[in-house]
Amino acid sequence: MTSVTPVLHTERLEFLPYRPEHEDAFVALLRDEEVCRWMGQERVPEQQVRELFRAILTDVYPQRRFDVWGLWHAGVYVGHAEVKPTGNVDGHELVTALAPGHWGRGLGGEAVRGLLRHAADNLGLTEAYGMVGADNTASLAMCRRLGFRHVRDVVGDDGTVTKLVVISTKEPGEPASAEGAGAVTAAEDPV
């Protein structure tokens, strides 16, 4: 894992490590009912989301536990992204969440491609996993387009089904550091 979460860039997105002034945007995203629904989580009280945000700043970053960013497009906060160890398998999971006003514009796929490039080039990972709700047809379709393969279904205590998917961080026939659509670059000055 990298020593410090780097600033990353794709064609349209900037991945910025969170700063204290990003708290309200993070809270708004993770309190949005549609976002919670598609992420397969309950909507929690605002104070709990604020505590989660502060833990990113005071625990996750200082202890270098995993990489986590706010996603920005043209100076506007559009979502959240992570690459972190997963408890479902021995490996790392990609996590993305976009604000509903930014759905359907290809930013989700671009964010995932950026995370894949970071996972390969900066973390040395050869594959990455994702967890997608079985009823999240838009995200499952995006995963298929990107080349994710279904590993197994995970059934929650409440009976909900989540699809565990996996993808190689290296596109077939391409070296891991290839540039192109969705290529991600790390800025020299990590936060």
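Modeller: Two strands pair if DSSP finds at least two bridges between them, where strands (E, at least two residues) and helices (H or I, at least four) are DSSP runs numbered from the N terminus. The model is predicted: local features need pLDDT of at least 70 and side-chain atom pairs count only at pLDDT 80 or more, while totals for chains, interfaces and linings use all residues. Residues are numbered from 1 along each chain as its sequence is written, and side-chain values use heavy atoms, with hydrogens and water left out.

Biologist: Which residue in β8 does Tyr129 stand opposite?

Modeller: Strands β6 and β8 run antiparallel to one another and are paired over 7 bridges. In strand β8, the residue opposite Tyr129 is Val166.

Biologist: In the hairpin of β7 and β8, which residue takes a positive phi?

Modeller: Strand β7 (residues 149-155) is joined to β8 by 6 bridges, again in the antiparallel sense, and Val154 stands opposite Thr162 in β8. The hairpin has 5 residues between the strands, and the residue with a positive phi, near 90°, is Gly159.

Biologist: In what pattern do the elements of the protein chain follow one another along the sequence?

Modeller: The protein chain holds 5 helices and 9 strands. Read along the sequence, they give the pattern β-β-α-α-α-β-β-β-α-β-α-β-β-β.

Biologist: What share of the residues in the protein chain is buried?

Modeller: A residue is called buried under 20% relative accessible area, exposed over 50% and partly exposed in between, with a 1.4 Å probe and protein chains only. Of the 191 residues in the protein chain, the buried share is 44%.

Biologist: Within what arc do the buried residues of α1 fall?

Modeller: In helix α1 (residues 23-31), the buried residues are Glu23, Phe26, Val27, Leu29 and Leu30. They line one face of the helix, because, seen down its axis, they fall within an arc of 160°.

Biologist: Which exposed residues does the face of α1 turned away from its buried side carry?

Modeller: The buried residues of α1 are covered by elements including α2 (33-39), α3 (46-60), β4 and β5. On the face turned away from that buried side, the exposed residues are Asp24 and Ala28.

Biologist: How far apart in sequence are the parts that the pair of Tyr18 and Tyr77 ties together?

Modeller: Rings of Phe, Tyr and Trp (its six-membered ring) pair if their centres lie within 6.5 Å, and planes under 30 degrees apart count as stacked, over 60 as edge-to-face and the rest as tilted. There are 6 aromatic pairs in the structure, among them the tilted pair of Tyr18 and Tyr77, with 6.3 Å centre to centre and 45° between the planes. Since Tyr18 lies in the loop between β2 (14-16) and α1, and Tyr77 in strand β4, the pair ties together parts whose separation in sequence is 59 residues.

Biologist: Which residues form one aromatic cluster with Tyr77?

Modeller: Both Tyr18 and Tyr77 are buried. Tyr77 also pairs edge-to-face with Trp72, at 5.3 Å centre to centre and 75° between the planes, and Trp72 is buried as well. Together with Tyr77, the cluster is formed by Tyr18, Phe26, Phe53 and Trp72.

Definitions and conventions:
The arc is that of the directions from the helix axis to the C-beta atoms. Contact means heavy atoms within 4.5 Å.
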